[in-house]
Each structure stands twice: as C-alpha cells, then as structure tokens.
Amino acid sequence: HQKIVYVGKSAFANNKNLKTVIFNDAAECEFIYESAFENCTSLELVTLPNSTFDIETKAFNNCTSLKELIFNKHTNLNSLEGKVFNGCNNLETFTVNEENNNYTLSDNLLLSKDEKTIVLAAHKYNYGNYTIPTNITKISSSAFSSVETLTNLTIHQDVFKIGAHAF
C-alpha cells in the first residue's frame, strides 16, 4: 500500500485547474486537513482514500464544480469536521464500491451500511418538504450542510442524534 499520512492544510487550495483527485485503490490516507482543496472551483470528481481517515473543516469548501464522490472498497470516514463540503452545490452523485462494508446508497443519500445514519446528502437534489426516512436514527455532522433546497423538514421520534453543522 502507498501511505499518504495526510494532505496538508490548504495543500491544493485555490488551484483553479485541478479537475480530478483520485486516491487509487492502494492509497491510504489518515487526514485531509482544513481547506486542503478549498476553492478548487474546477474540481469535478474525487475518489476518496481506500482507508479510514478524517476530513477537517472546509477541506472541499467552495469546490463549486464538484459533482461526484467515489468511495473505494475500504473508504471509511472516521469524522467529518465542520462544513467539509460547504459551497459544493453541484454535488449530485455518490458512488460506493459494492464491497464497501461501511456505506450504502439510498436515492440521494449516503448512508451507513446498517442504513441507520445519514452520512451525507447530495447537495444538488431538490429536497423541498423532506421527511427523514423512518429507518434513520442519526444524522451525521455536516450531512445536509450546503443543501439549499430544503424548505421543510420532518424528523421522526426515533432520531436520537443530530451532529454539529448537520444542516
């Protein structure tokens, strides 16, 4: 395996030419630090590391062209701190390797494999009057941050945790 311990604070920030970031199947990473890819306004696709890692606040802030996040077989987000994808209003697709034991998809949502936690919501989806699905008990930090189409939200009684900056 290739070990990338971290992508440093503001490492690629303001790079207007960067269109794709791919951590290949062998790449492992422990941290993507604050603002690492902030203002990479041409960035359209990110293949996340094939490891357990943390993403700090604003890591992909204002990546206005970002459309797709790809989760490898072993991709596991240990934590999303703050508004990681703030301003990524074109984010519409999550692709999850079918052998990934951590995540699954349901329509416009990235869910934990047990389908009880909303990890991320696609920003471009038109939520309008939205009801949290009845199988959900947790909403992760930053899950719906930057979703601008949510006008009314219904949360059922079995939701017991809503993370920081969830909305």
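A pocket, as I use the word here, is an open set of grid points with protein on both sides within 12 Å along at least five of seven lines. I looked for such pockets in this predicted model, and I noted for the largest pocket a volume of about 170 Å³.

**Entry 1, the pocket.** I then listed what lines the largest pocket, and found Asn76, Leu77, Asn78, Ser79, Leu80, Asn102, Tyr103, Val119, Ser140 and Ser141. Which strand gives the largest share of this lining? I traced that share, 5 residues, to strand β7, which covers residues 76-80. By residue class, I sorted the lining of the largest pocket into 4 nonpolar and 6 polar residues, with no charged ones.

**Entry 2, the sheet.** I next turned to an open sheet formed by 4 strands, and I read their order as β2-β4-β6-β8, with parallel pairing. At its edges I found β2 (20-22) and β8 (93-96), each of which has a single partner strand, so one side of each is left without a neighbour in the sheet. I also looked up how neighbouring strands of this sheet are turned against each other, and the average is 10°, direction ignored. In general, strands of a sheet pair through backbone hydrogen bonds, either parallel or antiparallel.

What is the bridge partner of Ile22 in β4? I identified it as Thr47.

I then checked the faces of β8, and assigned Phe94 and Val96 to a covered face, whereas Thr93 and Thr95 belong to an uncovered one. I set beside this the general rule that in a regular strand the side chains alternate between the two faces of the sheet.

How many disulfides does a search of the whole structure find? My search returned 0. Cys40 is in no disulfide, and the nearest cysteine sulfur, which belongs to Cys63, is 5.1 Å away; the cut-off for a disulfide is a pair of cysteine sulfur atoms within 2.5 Å. Cys63 is likewise in no disulfide, and for Cys63 I found the nearest cysteine sulfur to be that of Cys88, 5.0 Å away. I also looked up accessibility, and recorded Cys40 as buried, with a relative accessible area of 0%, and Cys63 as buried, with a relative accessible area of 0%.

Another entry is Asn14, not a glycine, with a positive phi of about 65°. I found Asn14 in the loop between β1 and β2, and at 45% relative accessibility I counted Asn14 as partly exposed.

Is Ile32 buried or exposed? I recorded Ile32 as buried, with a relative accessible area of 0%, and located Ile32 in strand β3, residues 27-32. Finally, I compared Ile32 with Thr20, and found the two 12 residues apart in sequence and 16 Å apart in space, C-alpha to C-alpha.

Key
Residues numbered from 1 in each chain as written. Predicted model: local features only at pLDDT ≥ 70, side-chain atom pairs only at ≥ 80, totals over all residues. Heavy atoms only, no water. Pairing = 2+ DSSP bridges. Axes fitted to C-alpha atoms, helices over the stretch in contact; angles between N-to-C directions. 1 Å grid on protein atoms, 1.4 Å probe; cavity = no way out; pocket = protein on both sides within 12 Å on 5 of 7 lines; lining within 4 Å. Points joined across faces, edges and corners; volume = space filled by probe spheres on them. Nonpolar A, V, L, I, M, F, W, Y, C, P; charged D, E, K, R; others polar. Buried < 20%, exposed > 50% of the residue type's maximum accessible area, 1.4 Å probe, protein only.
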